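Trainee: I am new to this structure. Could you take me through the terms as we go?
Mentor: Gladly. Let us look at it together.

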Amino acid sequence: MEDSPGQRMPGHEALRRGRVSTMGQVYLVTFVTRDRRPLFRDPAMAHETARAITDRRLWYRSRLLAWVLMPDHWHGLIELGALETLSVCVQRLKANTSRAFRAERRHGSVWAPGFHDRAMRSCDDLKVAARYVVANPLRAGLVDAVGKYPYWDAVWLGNADLG
C-alpha cells in the first residue's frame with residue numbers, strides 16, 4: 001500500500017501504538033530506504049549521508065550514542081533529550097540526510113516512512129545493542145572486520161568495555 005496525503009500505512013500505525021518518548025531513555029532505532037534500495041553502496045552518497053548523520057546541529061537535545069549506515073538502512077542508539085520526542089528526532093535525522101541527496105541532484109524519496117524502535121532497559125543492554133549496531137557490516141558480509149567499514153561510530157570507540 002502506497003502512502004498518499006492524509007492516508008497512513010496500517011503497519012506504521014501499529015509501530016506507533018504504545019510509543020512513549022521519555023527524556024534520558026535510550027532507544028535502538030532502525031529505518032530503511034524507500035523500497036530497500038541500496039543507495040549507500042555509492043561511497044560518495046554514503047560519505048555525504050554519514051556527514052549529515054553526525055551534523056552537530058541535529059544533536060543539540062538528544063545524543064547519538066552509536067550508529068551504522070548500511071547500504072539500505074540505518075541503525076542507531078539515541079539517548080532522547082529534554083523537550084524532544086523520538087518521532088521528531090528521527091524526522092529531523094531523515095530530513096537532514098535526505099538533503100544530502102538533493103544537494104547531489106538525486107531525486108525521489110530516500111527513506112521509507114516510519115521507523116522501528118526499542119527502548120533499552122539497562123547499561124548491559126546498551127553495550128549489547130552497540131555491538132549489534134556496529135557489527136552489522138560484518139554480519140552482512142560487507143567487510144571482514146568492523147574497523148574496515150567507514151560508515152559507523154560509537155561514543156565508546158576505544159573503550160575496551162564495548163568490545
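**Rings, core and fold**

Mentor: The structure holds four aromatic pairs. Rings of Phe, Tyr and Trp (its six-membered ring) pair if their centres lie within 6.5 Å. This is a predicted model, where local features need pLDDT of at least 70, side-chain atom pairs count only at pLDDT 80 or more, and totals for chains, interfaces and linings use all residues. Residues are numbered from 1 along each chain as its sequence is written, and side-chain values use heavy atoms, leaving out hydrogens and water.

Trainee: Why is the pair of Phe-31 and Trp-74 called stacked?
Mentor: Planes under 30 degrees apart count as stacked, over 60 as edge-to-face and the rest as tilted. Here the planes stand at 25° and the centres are 4.9 Å apart, so the pair is stacked.

Trainee: What makes this a link between distant parts of the chain?
Mentor: Phe-31 is in strand β1 and Trp-74 in strand β3, 43 residues apart. Strands (E, at least two residues) and helices (H or I, at least four) are DSSP runs, numbered from the N terminus.

Trainee: How is the pair of Phe-31 and Trp-111 classed?
Mentor: Edge-to-face, with 90° between the planes and 4.7 Å centre to centre. Trp-111 lies in the loop between α3 and β4 (116-119), 80 residues from Phe-31.

Trainee: Which residues do ring pairs link into a cluster?
Mentor: Phe-31, Phe-40, Trp-74 and Trp-111.

Trainee: Are Phe-31 and Trp-111 buried or exposed?
Mentor: Both are buried. That means under 20% relative accessible area; exposed is over 50%, partly exposed in between (1.4 Å probe, protein chains only). Trp-74 is buried too.

Trainee: What makes a nonpolar core?
Mentor: Buried Ala, Val, Leu, Ile, Met, Phe, Trp, Tyr and Cys residues, joined through side-chain atoms within 4.5 Å. The largest one has 44 residues. Val-29, Phe-31, Phe-40, Trp-67, Leu-69, Trp-74 and Leu-77 touch the most other members. The largest share, six residues, comes from β2.

Trainee: Which residues is Phe-40 in contact with, beyond its neighbours within four places in sequence?
Mentor: Among them are Thr-33, Met-45, Leu-69, Phe-101 and Trp-111. Contact means heavy atoms within 4.5 Å.

Trainee: How much of the whole chain is buried?
Mentor: Of its 163 residues, 44% count as buried.

Trainee: And what is its secondary structure?
Mentor: Five helices and five strands. Along the sequence they run α-β-α-β-β-α-β-α-α-β.
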